[in-house]
Amino acid sequence: MSFRDDSEDGRDVRKPFLHTGSWYRMGSRTGSSMLGSSQVIRDSSISVVACVLIVALGPIQFGFTNGYSSPTQSAIIKELGLTVSESLMIAAIPNIIGWLAISFANDVSFLYMGRLLEGFGVGIISYTVPVYIAEIAPENLRGSLGSVNQLSVTTGTMVAYLLGLFVEWRILAILGILPCTILIPGLFFIPESPRWLAKMGMTEDFEASLQVLRGFDTDISIEVNEIKRSVASTNRRTTIRFAELKKRRYWFPLMVGIGLLMLQQLSGINGVIFYSATIFETAGIKSGNIATFGVGFIQVIATALTTWLVDKTGRRLLLIVSTSGMTLSLLLVALSFFLKDVVSTESSLYSIMGILSVVGVVTLVITFSLGMGPIPWVIMSEILPVNIKGLAGSIATLSNWFSAWLVTMTANLLLDWNSGGTFTIYMLVSAFTILFVSLWVPETKGRTLEEIQRSFR
């Protein structure tokens, strides 16, 4: 949130409504140049990794919200007397007030309100965190640090699965408050995005922020000049006419960002994760919640591996490997469910098919976490032009959440209709994603954000 303020020279600039991280500007307020603030920066230097770890508390909250449904669904339905359709609606409308509303719920209306508030909060988090990380990270670490966003999501989900095995659902909702409770004060100790400050005309603060993020002993002159040129080329316009969206520099990155984030969800991963306990029980595994925690743990390990690989192998290669593995995994699950429908429940082949379906689901989660989980958010935050990033990023995030809602709403209904058919649909979407990535997704490894933007002109 921001408001306009006139500077001493008459220029109209935007200033932050909340001066989070304002400590790094102290020197620039008492002196007119970067040199005047050097001692403050030297004494208060904070690494970009620390900033990423603080904002990563937001995605942990996001993941905790995702994982809350699986271990608590049956207990909530039993205690509040909900129907399956009501519980599906609640899980599909995925913040501190929201968790409190859930914790003290005595009827379905409190659950609706809690999930709605959480959905509003994590919807904002899911866009702002990857964009902030992309704008503060150096180009050689941007992929790895950007992947921390999804790593935090999977960690939050796994923690929700684990705690759900030991505490009842009302206590679990109270525990969901913790990440954001720590995040809020943490935001006052990290600098604002230097690219946002430059775009708003706050040159002194922009240079101070960048110097803090890169370290006092680092020469930032080249990066400063490149950001200034990029901002100057947009003429500091925060809005564009609708007709200008026909230009390739706008429609192409928007198409890629929206396409990746929609395909990420339409592959059915959220349907699998949200209701994995039910899927395991259908496959014959009695301890569905424990199996779900195991899947969550594997997802964290695979996503952590991606944070190490993404700046070495590149985004495109990991996406192609990931979607190829997902397609094969979904094919395996679909075939196993189709065969289970035609063999006797007492035959050994039936048990083998159950095991194969579980193997397929676990492999699906691993391959998803290696690429399609973290990388679409990384690429979206890298490729969108600075002067439409707010609007375009919001549209891409909305598309992602709409697709997640659609999958979550239909997952159980489709599984009840035909489990093999459901996974066949997801497999076809995953196969199309391989083609989409191969034809249209650009490689952004080792390039500055400004270089990426120039490539679309």
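**Close-up 1. Ala411, a buried residue of helix α21.** At 2% relative accessibility, Ala411 counts as buried (buried is under 20% relative accessible area, exposed is over 50%, and partly exposed lies in between, with a 1.4 Å probe and protein chains only). Ala411 sits in helix α21; helices (H or I, at least four residues) and strands (E, at least two) are DSSP runs numbered from the N terminus. Between Ala411 and Ile269 there are 142 residues in sequence, yet 9.8 Å in space, C-alpha to C-alpha. Before moving on, please note that this is a predicted model, in which local features need pLDDT of at least 70, side-chain atom pairs count only at pLDDT 80 or more, and totals for chains, interfaces and linings use all residues. Residues are numbered from 1 along each chain as its sequence is written, and side-chain values use heavy atoms, with hydrogens and water left out.

**Close-up 2. The whole chain, for orientation.** The chain holds 23 helices and two strands. It has 457 residues, of which 56% count as buried.

**Close-up 3. Helix α21 beside helix α22.** Two packed helices are described by the angle between their axes and the distance between the axes. Here the axes of α21 and α22 (residues 419-440) are 6 Å apart, at an angle of about 140°; axes are lines fitted to C-alpha atoms, for helices over the stretch in contact, and angles run from 0 to 180 degrees between N-to-C directions. The two helices, α21 and α22, are therefore oblique to each other (under 35 degrees is roughly parallel, over 145 roughly antiparallel, 65 to 115 roughly perpendicular, and the rest oblique). On the α21 side, look for Val407, Ala411, Leu414, Leu415 and Trp417, which meet Ser419, Gly421, Thr422, Phe423, Ile425 and Tyr426 in α22; contact means heavy atoms within 4.5 Å. Sorted by type, the residues of this contact between α21 and α22 are eight nonpolar, three polar and no charged (Ala, Val, Leu, Ile, Met, Phe, Trp, Tyr, Cys and Pro count as nonpolar, Asp, Glu, Lys and Arg as charged, and the others, Gly among them, as polar).

**Close-up 4. Helix α14 alongside helix α21.** Helix α14 (residues 248-266) and helix α21 (residues 389-417) have axes that come within 8 Å and cross at roughly 20°. That makes α14 roughly parallel to α21. The crossing of α14 and α21 is right-handed; a crossing is left-handed if the near helix is turned anticlockwise from the far one by less than a right angle, and right-handed if clockwise. Residues of α14 in this contact include Leu254, Ile258 and Met262, and those of α21 include Ala392, Ile395 and Ser403. The residues of the contact of α14 with α21 divide into eleven nonpolar, seven polar and no charged.

**Close-up 5. Asn400 within helix α21.** Asn400 belongs to helix α21. With a relative accessible area of 2%, Asn400 is buried. Leaving aside residues up to four places away in sequence, Asn400 touches Leu261, Gln264, Gln265 and Trp377.

**Close-up 6. Helix α14 against helix α20.** The axes of α14 and α20 (residues 375-383) come within 9 Å and cross at roughly 165°. That makes α14 roughly antiparallel to α20. This crossing of α14 and α20 is left-handed. From α14 come Pro253, Val256, Gly257, Leu260, Leu261 and Gln264, and from α20 come Pro376, Trp377, Ile379, Met380 and Ile383. The contact of α14 with α20 counts nine nonpolar, two polar and no charged residues.
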